[in-house]
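Open the model in your viewer and keep the selection tool handy. We will go from stop to stop together.

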Amino acid sequence: ADYNPDLPVIWGVDDGYAAGQGIGTASYHPRVVLFAQETAQGGFHVFDEYYATGELSEATIAECLARPYRRPDAAYTDSSAAELRGRLWGADIMTVAATHPVHEGIKNLRRLICDGNGMRLFRIHPRCAQLAREMASYRYDDASRVANVGEPKPLKLDDHGCDAARYLTWHNRYSGMT
């Protein structure tokens, strides 16, 4: 999942601010930016990540733009992050509201992690240690169910990079190709 300077860059962004009790706790809500590129096969390479707490959105944007990559063509965000989306627009970064039912976003992301033929279309560079840790520890609350679906709800714990990945990949859910 190496960065390719010849390909467009996109961001997946989960808005947050609070350090709370720290990583792995319910009170921890960082802002996460995933730096990615779409592949010719309809997948995604996440080649870098940025996690921050206690930081204003304009500082996050400046830090991310200072990285040695192309400017993003778009930032896929939760539609409820209005202030952050406004700051991204102010920095001339197009935003796409990527809000969707969580269980549907998880299904879409799973399809990319490993499709029915064993093909991995979602790759994470080793430098993205926090995203990899979160993906490996993602859990469900077996005592709860999604209304009208009957599936267990994911625990809203240590899932910020996972949320950013869902936002990042949601737009290619129908065709499988972008």
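**Stop one: a helix**

Select residues 102–113, helix α3: at 1.5 Å a residue its 12 residues should span 16 Å, and the end C-alpha atoms are 16 Å apart, which agrees. The expected span is 1.5 Å times one less than the number of residues. This is a predicted model, where local features need pLDDT of at least 70, side-chain atom pairs count only at pLDDT 80 or more, and totals for chains, interfaces and linings use all residues. Residues are numbered from 1 along each chain as its sequence is written, and side-chain values use heavy atoms, with hydrogens and water left out. Helices (H or I, at least four residues) and strands (E, at least two) are DSSP runs, numbered from the N terminus.

Now colour His103, Gly105, Ile106, Asn108, Leu109 and Leu112, the buried residues of α3 (buried means under 20% relative accessible area, with a 1.4 Å probe and protein chains only).

**Stop two: a strand and its partners**

Next, select β4, residues 72–77: five of its six residues are buried, so the strand is largely enclosed by the rest of the structure. Strand β1 (residues 9–14) runs parallel to β4, joined by five bridges; strands pair if DSSP finds at least two bridges between them. Show Val9 and you will find its bridge partner in β4, Pro72. β4 also pairs in the parallel sense with strand β5 (residues 95–97), over three bridges. Here Ala75 stands opposite Thr95 of β5. Trace the chain from β4 through helix α2 (residues 82–90) to β5 for a right-handed β-α-β crossover: with the strands pointing away from you, the path from the first strand over the helix to the second runs clockwise.

How values were computed: Buried means under 20% relative accessible area, exposed over 50%, partly exposed in between (1.4 Å probe, protein chains only).
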